[in-house]
Structures are given as C-alpha cells and as structure tokens.
Amino acid sequence: MRGGYFMLPRGLLRNSMLKPKGAYSNAEAWLWMYEAAAFRPRDVTVTNGRKTDTIHLERGQLSYSVRYLAEAWGWSKAKVQRFIEETQNAGLTEVFGGTQNETQSGTQNGTHQTVVTICNYGVFDALDIQNETQNGTQNDTQNETNKKEVVRTKVGRTKAPQAPRKARDESEQGFSEWYSVYPRHIQRTDALKAYRKIIAGGAITHDELMERTRRFAASWKRRLADKRDDKKFIPYPASWLNKGGYDDQPEDEPGSPGRPLPTAPTPAKAVADYGDADWIRCLDFYRRKKEWSAAWGSEPGKPGCLVPAHLLLSPVAAAGAA
C-alpha cells in the first residue's frame, strides 16, 4: 500500500446510510475485520456447543468461526474461507485455526475458532496509539501508573524520569518502520519494548537494524517461496531482537553453513563502481566475520584500501609512509 493513510470512524458499517445492503463486498469485509480486531490485548470467551473456552487475543487479532463470519457478511462458508486465505497470501493477515474445515482438530483451544492477525495493524493505527498515549484514554494503565507514583512519593523516592514526548514519538515511528519490514507480525507490544531496549542501549543503530532486517526478511521470502508452511518457524519479533538475531547471517547468504564464502564479491558491477551502500555491506561483513575479500582491494587500515575514508572510523593512513 502506498500514498499514506487516512482515518475512518469506527462504526462506519453500522451507519444507516452506509451500511451494506445485502452481501458484503471484499472491501467491506476487510473493514469489518479491521474494526473487530482487538485494540489492546484481551481475553474473549467463546462457546462451542456445551463447552466454553477462553482465547487470548493480542493487539490486532480477532477470533470468529467461519460460520459466524459467513452469517455476518452474507456469504457462504466457502467464500469466507477463500477470502481469508487470499488475505493471508497477500500478506495482509496471518491465520491460526481451521479456515479449511471447522471440524478439523488442532485449532486454538479446540474451539474451531479462526484467529486472524491483521499485519501492520500498529502502522495503520499509529495515530490512535499516539492519541491514546497523549490523552490518557487507557484509564486502567494510567491509573495503575498513578498508584505507583503515589507509592514512590510516600516513601520519598524521586519519580522516574519520563522520556520527552518528541523522543517517544520518534521511537514509535522508528519501530513502526522496522515492524513493517520484519517478516512476521505478532505480539507487537513485546516487540516495541525490545526495540526500544536495544536502540536506547546502543546495541545497534536504527539504520543498521533496518538493513539487517531487510536481509533477514529477504531470506525468509526466498525460503517461503518453496515452503509456505515454514512461516510458523519465523522467530517472534521480540525474541529475534532480544536474542540478537540481527547479528546472525541469514542461512542462505554466502558464508552460511552449506554456502562457502566467495573469494570475490558477487555484485554485478566492478569494485571501482561501488557506492557507499556497497562498501557499507563490505565493512559490515568485515566487522562480523573478520575476513576481507582480495577483490575489494586492501583491508581497511592498509595501503591500497579502496574504501572511502568517510565510511571508516578514521581516515585510512598508508602504513610505513614517510
């Protein structure tokens, strides 16, 4: 999707003038799903015959049976199944549960429910996140925070400093950009905490993280082209960040197990035509693997180094020069 975003009011499809007359269109079904998704993590109770179960939903998730969606949208169950599969294939959703056959076992908690995660929900709803934070609409969270502050004041402790609003907004924007690139969208709140932790702690810069995440995502895209079912093996975003997954080399890149390091770079251009982006990749490889290809010229810090001086921590001096 390109061209930015605009907000729509909740309850649009219930408006007497705008509500669908008859079966929903694909766009109306998508808006229905988006509005029905959990705005914050919550537990929902579902009934299957005489059995009652509880399903935990993360932000951006919704859970309904195919039968319920068919009745709500005025569709057949087969059409609902096809639509959900198409949104998943298009990268709009991730689906957990029995969309193929509601009698199958193995769906979440055995409730025959379909749990749908709307990808990039946090990006689309970024304005709501800011408004919620600034206006204090999450009263339960704010009240809990106020209680903690009262306790701190009573025992004579200084209140913990809060990051300036501008810094928080910039952090949210940087995270949203990163989260949109990461190949799996789940447990966004945990991922945001992990992102803020590693960026604030200086473990890696945002730009470096973006570059390595794009490579990681590209690796999984190649893998899923052959094995679509492997998507469930993609690490949760928070886990990938907390465990330093950004320092690992994607398995299908040169130098990984089963793919020996080449003796020369593979870009389809001469080293003399390398731009800053090409040299940054070479330097990153050198920093991680402690190896330098002879095709790139001399190593940084040695005579004949071709890397532009402004990309090095200090200008390359000719060793042994008079």
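**Figure 1. Packing of helix α9 against helix α11 in the predicted model**. Helix α9 spans residues 206-226 and helix α11 spans residues 276-289; the two pack at an angle of about 85°, and their axes lie 12 Å apart. Angles of 65 to 115 degrees count as roughly perpendicular, and α9 and α11 are therefore roughly perpendicular to each other. On the α9 side the contact is made by E211, R212 and R215, and on the α11 side by R281, D284, R287 and R288. Sorted by class, the residues of this contact are 7 charged, with no nonpolar and no polar residues.

**Figure 2. The second largest cavity, with a lining that includes residues of α9**. This cavity has a volume of about 40 Å³. Its lining consists of R212, R215, F216, W240, G245, Y246, D248 and P250. Helix α9 gives the most to this lining, with 3 residues. R212 and R215 line the cavity and also take part in the contact of α9 with α11. By class, the lining of the second largest cavity holds 4 nonpolar, 1 polar and 3 charged residues.

**Figure 3. The largest cavity of the model**. The structure holds 2 cavities of 30 Å³ or more, and the largest has a volume of about 80 Å³. Its lining is made of 14 residues. R59, T117, I118, Y179 and R188 are the lining residues that lie nearest the centre of the cavity. Strand β5 (114-118) and helix α4 (121-124) each supply at least two residues of the lining. The lining of the largest cavity divides into 7 polar, 4 nonpolar and 3 charged residues.

Figure 4. Among the elements of the chain, helix α10 (residues 237-242) has the highest mean pLDDT, at 94. Helix α6 (residues 139-154) has the lowest, at 48. Over residues 98-111 the pLDDT is below 50, and this stretch has 34 contacts in the model beyond near neighbours in sequence. The pLDDT is also below 50 over residues 314-322, a stretch with 6 contacts beyond near neighbours in sequence.

Notes. Residues are numbered from 1 along each chain as its sequence is written. This is a predicted model: local features need pLDDT of at least 70, side-chain atom pairs count only at pLDDT 80 or more; totals for chains, interfaces and linings use all residues. Side-chain values use heavy atoms; hydrogens and water are left out. Axes are lines fitted to C-alpha atoms, for helices over the stretch in contact, and angles run from 0 to 180 degrees between N-to-C directions. Helices (H or I, at least four residues) and strands (E, at least two) are DSSP runs, numbered from the N terminus. Angles under 35 degrees count as roughly parallel, over 145 as roughly antiparallel, 65 to 115 as roughly perpendicular and the rest as oblique. Contact means heavy atoms within 4.5 Å. Ala, Val, Leu, Ile, Met, Phe, Trp, Tyr, Cys and Pro count as nonpolar, Asp, Glu, Lys and Arg as charged, and the others, Gly among them, as polar. On a 1 Å grid over the protein atoms alone, a cavity is a set of points where a 1.4 Å probe fits but cannot get out, and a pocket is an open set with protein on both sides within 12 Å along at least five of seven lines; lining residues have an atom within 4 Å of a point. Grid points are joined across faces, edges and corners, and a volume is the space filled by probe spheres set on the points. pLDDT is the predictor's confidence in each residue, from 0 to 100.
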